Structures are given as structure tokens and as C-alpha cells.
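Here are some notes to read alongside the model. I hope the numbered points are handy while you look around.

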Amino acid sequence: MDMTRRRALATSAAIAASVNLPHMAFAQETPRRGGTMTVHFATEQRILNPSLQASTGVYIVGGKIQEPLVDLDGAGNPAPCLAESWESTPDGMTITFRLRRGVTWHDGRPFTSADVQFTAMEMWKKILNYGTALQQFLDAVETPDAHTAVFRYSRPMPLNLLLRALPDLGYVSAKHIYEGTDIRQNPANTAPMGTGPFRFVQYERGQFIIAERNPTYWRENLPYLDRIVWRVITDRSAAAAQMEAGQVLYSPFSSLALADLSRLGRDPRFEVTTRGNQGNARTNTLEFNHRNPILADIRVRRAIAHAMNIPFFIENFLGDYAKLGTGPIPSTSPDFYPTGMPQYGFDRALANRMLDEAGHRRGAGGVRFTLRLNPAPWGEDIALFTTFIQQSLQEVGIRVEIVRLDAAGFLRTVYNDWNFDLATGWHQYRNDPAVSTTVWYRSGSPRGAPWTNQFGVVDAELDTIIDGAATELDPTRRKARYEDFVRRANTELPIWMPIEQIFLSAINRRLRNHSNMPRWGSSSWHDLWLAS
Amino acid sequence: MRVLALAGRRLAASLPSLLIILVGMFLLLQLAPGDTVDALIAQMGGGGDAAVVAELRAFYGLDISVAAQLGNYLWRLVRLDLGFSAIYGKPVSTVIMERLPATLLLMSASLSFAFFFGLLFGVIAARRVNRWPDTVISTLGLVFYATPSFWFGLMAIVLFSVHLQWLPAGGMESIGAGLTGFARLADIASHFVLPTLTLGLIFLAIYLRIMRASMLEVLTLDFVRTARAKGLDETRIITRHVLRNAMLPMVTLIGLQAGTMLGGSVVVESVFSLPGLGRLAYEAVVQRDLNTLLGIVFISALLVILVNFLVDLVYAQLDPRIAKGDG
């Protein structure tokens with residue numbers, strides 16, 4: 001039984017490992033022009049403008065129509081897009097972007113520094129999620145000429161942090177479309193207009209979105225594709241069937257069932273890979289409510305971590321697409337990933353001993369105490385992990401009651417009402433720990449802000465490390481500070497992040513030049529083409 | 001004129017229940033933790049700061065008390081304004097009108113399919129009662145009835161779309177094909193074949209069982225014996241005498257089921273990616289979009305009233321005694 005399961009997993013590993021080889025062979029081919037790219041669009045969004053909402057559900061559409069100042073290259077380093085070059089003053093208070101010339105909006109008007117100024121001040125700083133925190137110390141954007149934008153900060157902004165954040169949080173919108181309107185209700189929010197390789201054509205709610213080739217795109221003779229069609233498919237099995245029927249060529253961000261993904265991975269017509277999603281790493285979380293005196297005791301939190309055999313869970317339920325997590329910074333982030341951090345290996349006897357020492361003796365039926373566990377409703381892996389937590393903790397005498405809620409209910413109950421003992425979901429890592437990682441640990445987050453420290457954790461030392469790292473300009477010292485951060489986080493264990501995952505793409509092998517950069521699903525697809 | 005008066009009376013009698021349904025639905029959704037801003041933040045993946053969140057609550061009209069929200073809603077409803085959809089950023093009436101065609105098409109196609117074949121197979125089964133055609137039809141009916149529709153739909157897609165490639169796997173029509181006239185009709189029809197069968201087969205099973213039972217009952221009545229004694233041939237007895245009387249329970253059932261199906265079928269719409277009311281309602285609940293959900297309830301309720309009214313008219317046609325009784 002175990003052998004066959006192992007063999008099945010080994011097969012999928014071999015497929016995942018081999019994906020680079022055919023890709024290299026394709027590089028010799030001459031790109032073919034034309035064709036329609038079809039994309040699985042699993043959850044419809046209220047808006048499609050990435051200057052106003054930072055999420056993969058928006059980038060998958062808006063990222064082809066609008067463009068950011070800075071993008072990533074194949075190796076994951078910042079690369080010019082709408083900005084051609086940039087520089088920072090030594091004090092980190094002023095960052096200057098030189099903008100690309102000869103770029104026009106889809107309506108023919110020229111792209112200028114005024115657009116950057118308007119977007120930065122009115123959208124990134126005021127509305128864009130994560131943008132508001134990133135740009136909170138942005139005082140002004142000056143436009144000495146039409147192709148220069150000077151960002152002035154009141155607190156030092158590390159250039160590396162800004163450049164790493166801008167591929168996601170630096171999409172530019174047209175000033176002449178939004179100026180003087182109610183930005184939230186602007187019709188361009190669902191009919192986006194940008195400078196990108198594809199022009200918006202039509203959005204039929206509940207059915208599809210169409211964009212067509214932008215003939216005046218600034219990258220000459222690009223894009224190759226004539227059209228992109230996003231098909232709204234909410235049922236995951238139906239989406240897998242549409243991939244097989246050839247009606248859909250690409251299903252992004254782990255939108256299919258795990259069983260279908262491994263089945264498609266064995267099919268020579270498709271490729272199932274984490275490649276192209278390295279920029280969207282996430283860790284599974286176990287969140288403790290420290291207001292519960294049982295969980296405020298570090299011995300109990302550590303015992304819970306020791307009680308779970310994470311490698312067993314990964315091997316048997318998630319396969320090769322997940323790996324053992326080592327802390328809040330995932331291994332996909334080489335610039336910050338620290339090694340040799342404190343870890344909690346599986347040791348049930350130790351867990352039992354620690355719980356005894358904490359004064360929680362086994363009572364009737366071998367139960368020490370009962371905890372409520374709120375799982376986030378997204379992701380099949382979370383549902384599996386929830387059951388695994390329940391069963392693992394039962395073995396050490398902790399009874400777990402699972403409280404299942406939908407998305408709105410989960411967020412409200414856990415992060416606003418604090419009405420939980422344990423919660424489990426995802427922490428999304430966004431290329432730099434300062435964007436969306438340290439907020440899980442820093443005290444003083446306003447009540448109700450999800451995916452931030454709503455756990456009643458106040459650790460002065462952790463706060464000091466986090467604040468120091470956020471304004472540290474020297475890259476080497478910044479990395480050292482984040483190493484201190486992970487060491488402290490893993491020692492005190494206010495939240496546990498035991499599993500590391502990257503989103504999976506399912507891709508039809510007719511597609512060429514796909515997955516060639518770490519945020520490919522979100523990127524503009526200007527060089528994507530379709531073999532006949 | 002009499003028909004209109006009857007319609008008006010029906011509508012007036014339905015108003016109190018409509019009000020109770022709407023208010024009940026509104027209050028029920030208040031019990032669900034989280035509001036539409038929480039749902040939006042879940043979609044965004046966090047990172048919204050407190051000021052922005054407060055601004056969003058005000059934008060969606062959630063910064064006032066529940067009673068005031070309900071009052072506002074009812075007052076708008078009196079002026080026949082269904083409000084603004086939080087998810088779609090458009091008036092609810094527009095959103096519903098966009099979704100209605102797919103639902104009506106799917107519903108009328110699968111109901112007609114189920115009604116016609118239910119009638120046919122019910123009659124055949126009744127005429128060959130307890131012989132092999134009856135056994136085959138009844139067994140198949142039971143199988144269709146017991147099969148979950150999502151499974152049936154998915155298997156149909158796997159067979160007809162993935163392997164045989166005869167029919168499209170989902171959607172309402174070929175996207176951007178630029179078809180017009182008859183070609184477009186044929187294209188839409190091909191997209192609706194599988195969903196219609198999936199939804200229709202379950203109802204078919206119910207209709208054929210009702211029809212069979214009803215036929216068997218009517219066949220034993222005295223007037224049938226009289227007709228036979230007159231020397232009429234069997235086909236004429238079935239079509240002229242039995243069928244008309246046996247149809248009454250079928251018409252009752254279609255009235256009831258039209259109501260259920262107007263709410264749309266979440267499962268079939270999801271599996272076949274059709275933009276119907278069922279999926280819209282589901283999404284409205286998940287996203288806590290009160291206006292949209294109440295709008296769907298309101299429209300569906302109106303349509304149910306309408307369908308039941310039509311059913312009453314059909315009753316009168318089938319059996320004149322009913323119309324007299326209604327007087």
C-alpha cells in the first residue's frame with residue numbers, strides 16, 4: 001500500500017523534474033504569430049485593475065492589460081518595464097524613476113510621469129492593499145519632466161524593498177481616466193485600460209473576458225498572440241475536463257483538485273509545475289490565540305508542534321509539491337532565507353511530557369483540554385491539514401473541535417472577533433518579508449486586519465527587530481536582521497509555519513515561453529506563443 | 001378581464017408572504033458572521049488598512065444599523081428599486097436580467113424534455129404494466145433519479161466532450177466566434193444539450209412515475225370502460241379520454257417544479273459553467289451581497305406566482321369543473 005503510494009508520488013516527481021528539458025528544446029523554434037490563449041478564471045473579482053487591488057485573481061487578467069513600473073526577469077531580479085532605470089539617494093529618502101519613452105495608452109494618449117504621480121498618490125498610497133502600508137511614508141511624487149518621477153519619502157525606503165514590491169504593487173493607471181472621478185466606481189475598474197500587450201475587449205459576468213492584441217505595443221512586434229479569453233469556471237472538476245477537451249489551455253494558481261492535477265501531470269499533453277510561481281510562495285499556518293491562557297504558555301505551543309509528524313503529512317497528502325517549512329521566510333526567497341533556525345521535530349513522547357510539565361494532566365478519556373480549530377475555507381490542503389491537526393493532537397490528549405466557516409465568516413470570527421483557539425490557513429509571502437510577513441508578528445495591528453497579528457502576541461524584542469529591519473538600507477545587514485527575526489519567531493513560536501508550498505500551474509504543452517519568470521501567471525505574456 | 005382580476009387578486013394575496021420572505025432572508029443573512037467587506041478582503045488577500053476598510057463599509061452602506069439598512073431596503077423596494085450589487089457594481093435588476101436568459105432557457109428546455117418524455121414513457125409503462133417495457137422504464141427512471149446530477153454532468157462531459165468531442169464542455173456559446181442568426185442558435189443549442197439532459201433526466205424520472213401511476217388509476221375508471229364498450233379503439237381511448245384526465249397531477253407538478261428551477265440549479269450551472277441565477281445566488285451568499293440575494297428572491301417569487309397563475313389557467317382548460325368551482 002505504502003509502496004504504491006510512494007511510487008505514484010515518485011512518478012509525479014519525475015514529471016515535475018523533467019519539465020525543464022522540453023522547454024529548452026522549444027527555445028530553438030521560431031515563434032508562431034496568432035492564436036487564442038484560453039485561461040481558467042476560477043473566482044470572479046469585483047474589479048480587474050491591479051493598481052487598486054493586489055491579488056492573483058486580478059493580475060491574471062489585469063496584468064496583461066496594465067503594466068507595472070518594474071517587473072522581474074527570469075532569474076527573479078527587478079527588470080525595467082514602464083520604468084527604464086532607477087536610483088536612490090544614499091539616505092534612502094528619494095528614489096528617482098526614469099520612465100520609458102514612446103509608450104502610449106490603449107486609447108492613444110501618451111504615458112507620462114503625471115500618470116505615475118497620480119497612481120502612486122491616489123491609488124497605491126490610498127486604496128491598494130499592501131500598497132497603503134508600503135507607501136505610507138511617501139510624501140510626494142515630483143515630475144520634473146514627462147519622463148521622470150521622483151518619489152520623496154519621509155522615512156528611509158530601502159530601494160531593494162521597493163523594487164521587489166513594485167512588480168506586484170506598482171501597476172500604473174491612466175490619470176486622464178480616473179482624475180476627478182470616484183475611483184472606486186470608475187467603469188475602467190471592470191474594463192481596464194493600460195499600456196500592456198493586450199487591450200480589453202469585453203467582460204460578460206459569469207462567462208468570459210476577452211482581450212485582443214495591442215498593435216501599438218512598445219515592445220516591437222509583440223505580443224505573438226491575437227487574443228486571450230478567460231473562461232469563468234467555478235467547478236474544479238469541470239475546469240479539469242475543459243483542459244482535457246482543449247477549451248482551456250492554462251489553469252493557474254492551484255485552481256484544480258489535487259487529484260486532477262496529479263492526473264493531468266501524468267498526461268503527455270499537459271505540464272503541471274510550480275515553475276513560474278516561485279514568486280507566489282505560501283506557508284501553511286497554525287495560529288494560536290494567546291488570549292487563551294493554555295495557549296499563552298510556550299510549552300503548550302511547542303508541545304503542539306512536536307505532536308505533529310509534518311513530513312508524514314506532506315509525503316502522504318501533498319506529495320512533491322510541498323516541503324517542510326522552516327519558518328516565516330520560505331526557501332524560495334534566497335535573499336532572505338536563513339538556515340539553521342530552531343525547529344520542532346516530531347516527538348510524541350516529548351510533546352506528552354511537555355504538556356504534563358505545563359500542568360495539563362490527562363483527565364477522563366485521556367483528554368487534557370479541548371481547543372476549537374477554525375480552518376480557512378480556501379485550498380484543499382487546508383482541509384486535509386485540519387483533519388491531520390485534529391488527529392495528531394488527539395494522540396497527545398488534546399481534543400480539537402473543528403469550526404468550519406466560509407471566507408467572510410472565517411475572517412470575521414478569527415481576525416475581528418478573536419473567537420477561536422487555533423486557526424489554520426495560508427501566509428502568503430510576497431518576495432520581501434516586510435510586505436506581508438512581519439505583520440503576522442508585529443504587535444499593534446488594528447483589530448480586524450486579517451493575516452496580521454490578531455493573536456494577542458506582544459513581543460517587544462520581535463517588534464524591535466521588525467522595525468529595525470524595515471528601515472535598514474544595507475542589503476547584507478537587512479538579511480542579518482531578518483535572520484534574527486526568524487530565529488526569534490521560531491523560538492517563541494507565536495505562530496507556527498510548518499509547511500511551505502508554491503502554487504501549481506496546469507498548462508497545455510502547445511504553449512511556448514510559458515512559466516519563464518517567477519510571477520509568470522501574473523505577468524504580461526508579451527512573449528507567450530502557441531504552437532500549431 | 002376576469003383573468004386580469006384574478007391575476008390582481010393573486011398578486012395581492014401573495015404580497016404578505018413576499019414581505020415575510022424578504023425580511024426573513026435579510027435577517028437570516030445577518031446571522032452569518034462577516035459582511036461583504038470581509039468577503040472582499042478575503043478576495044484581496046489582505047493588506048487593507050483600517051481607514052480603507054472603514055471607507056469600504058461606508059461605500060457599501062454597512063456603517064448604519066441593521067434596522068436602518070432593512071428600512072432603506074424596503075423603502076427602495078416600494079419604489080421598485082432593487083438596489084446596487086456589491087459584487088458587480090451595477091444595479092441588481094441589470095445583473096439579474098443578464099442572468100435570467102440562461103436560467104429560463106435551461107429551465108424551459110429541461111422541463112419540456114422531462115415533461116414530454118415523462119409523458120411518453122409513463123404512458124408506455126402504464127400500457128405494458130408489469131411487463132418488460134414497464135420494468136425497463138421504471139428501473140432506468142430510478143437510476144436517473146438516484147444519480148447525483150454533478151456526477152451525471154461530469155460523466156457526460158468526460159464522454160461527449162473529452163473523449164468523443166461531439167459537444168462543448170461548458171459555457172453558453174462559443175466565445176467570440178462572431179456567429180449570427182441560425183448558426184448562433186445552433187451553437188447555443190449545442191451548448192445546452194448536456195446541461196438540459198443532466199437536469200432533465202432527474203425530473204424525467206419523477207414525471208414518468210407520476211404519469212404511470214395516474215394513467216393506471218384513470219384506466220380503471222367507469223368512463224373508460226364505457227368508452228371501451230362503445231367499441232373505440234385503444235389508442236383513441238388513451239389519447240382522448242385517459243390522457244387528459246391523467247395529465248392533472250403532471251400539471252400540478254410542473255407548476256411546483258418551475259418554481260424550484262427558477263432559483264436555478266447551482267450544481268448544473270457550475271458544472272457546465274452557465275451564467276444562471278443559481279450560481280449568482282450562491283455567489284451572493286458567499287460574498288454577503290445582500291441586495292443581489294434579496295433581488296433574486298424577489299424576482300423568483302414573482303415568477304413563481306406567475307407560473308402558478310398560468311397553471312391554474314391550464315387546469316381550467318383541462319378540467320372545466322375546476323374553473324366553475326373557482327367561479
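Which residues have the most contacts inside the largest nonpolar core?

1. The largest nonpolar core has 198 residues, and A:Leu69, A:Ala506 and B:Tyr207 have the most contacts inside it. Such a core is a set of buried Ala, Val, Leu, Ile, Met, Phe, Trp, Tyr and Cys residues joined through C-beta atoms within 7 Å. Helix α8 (residues 181-219) of chain B gives the largest share of this core, 13 residues. A second, separate core of 18 residues includes B:Leu82, B:Leu290, B:Leu293 and B:Ile296.

2. A word on provenance: this is a predicted model, in which local features need pLDDT of at least 70 and side-chain atom pairs count only at pLDDT 80 or more, while totals for chains, interfaces and linings use all residues. Residues are numbered from 1 along each chain as its sequence is written, and chains are lettered from A and ligands numbered from 1 in the order in which they are written.

3. Back to A:Leu69: leaving aside neighbours within four places in sequence, its contacts (C-beta atoms, placed from the backbone, within 7 Å) include A:Cys81, A:Leu82, A:Phe97, A:Val116 and A:Leu166.

4. Chain A has 18 helices and 22 strands, taken as DSSP runs (H or I, at least four residues, for helices; E, at least two, for strands) numbered from the N terminus. Buried residues make up 55% of its 532 residues; buried means that 20 or more other C-beta atoms lie within 10 Å of the residue's own. Among contacts in chain A between residues at least 6 apart in sequence, 70% join residues at least 24 apart. The C-alpha trace of chain A spans about 75 × 55 × 40 Å along its principal axes.

5. Now the interface: 48 residues of chain A are in contact with 47 residues of chain B. On the chain A side, α15(A) supplies the largest share, six residues. That side divides into 20 nonpolar, 20 polar and eight charged residues (Ala, Val, Leu, Ile, Met, Phe, Trp, Tyr, Cys and Pro count as nonpolar, Asp, Glu, Lys and Arg as charged, and the others, Gly among them, as polar).

6. Do look at α15(A) against helix α2 (residues 36-44) of chain B: their axes, lines fitted to C-alpha atoms over the stretch in contact, come within 8 Å and cross at roughly 100°. α15(A) is therefore roughly perpendicular to α2(B), a label for angles of 65 to 115 degrees. Here A:Ala407, A:Ala408, A:Leu411 and A:Arg412 meet B:Asp38, B:Ala39, B:Ile41 and B:Ala42.

Note on methods:
A residue is buried if 20 or more other C-beta atoms lie within 10 Å of its own, exposed if 12 or fewer, and partly exposed in between; C-beta atoms are placed from the backbone. Two residues are in contact if their C-beta atoms, placed from the backbone, lie within 7 Å. Axes are lines fitted to C-alpha atoms, for helices over the stretch in contact, and angles run from 0 to 180 degrees between N-to-C directions. Angles under 35 degrees count as roughly parallel, over 145 as roughly antiparallel, 65 to 115 as roughly perpendicular and the rest as oblique.
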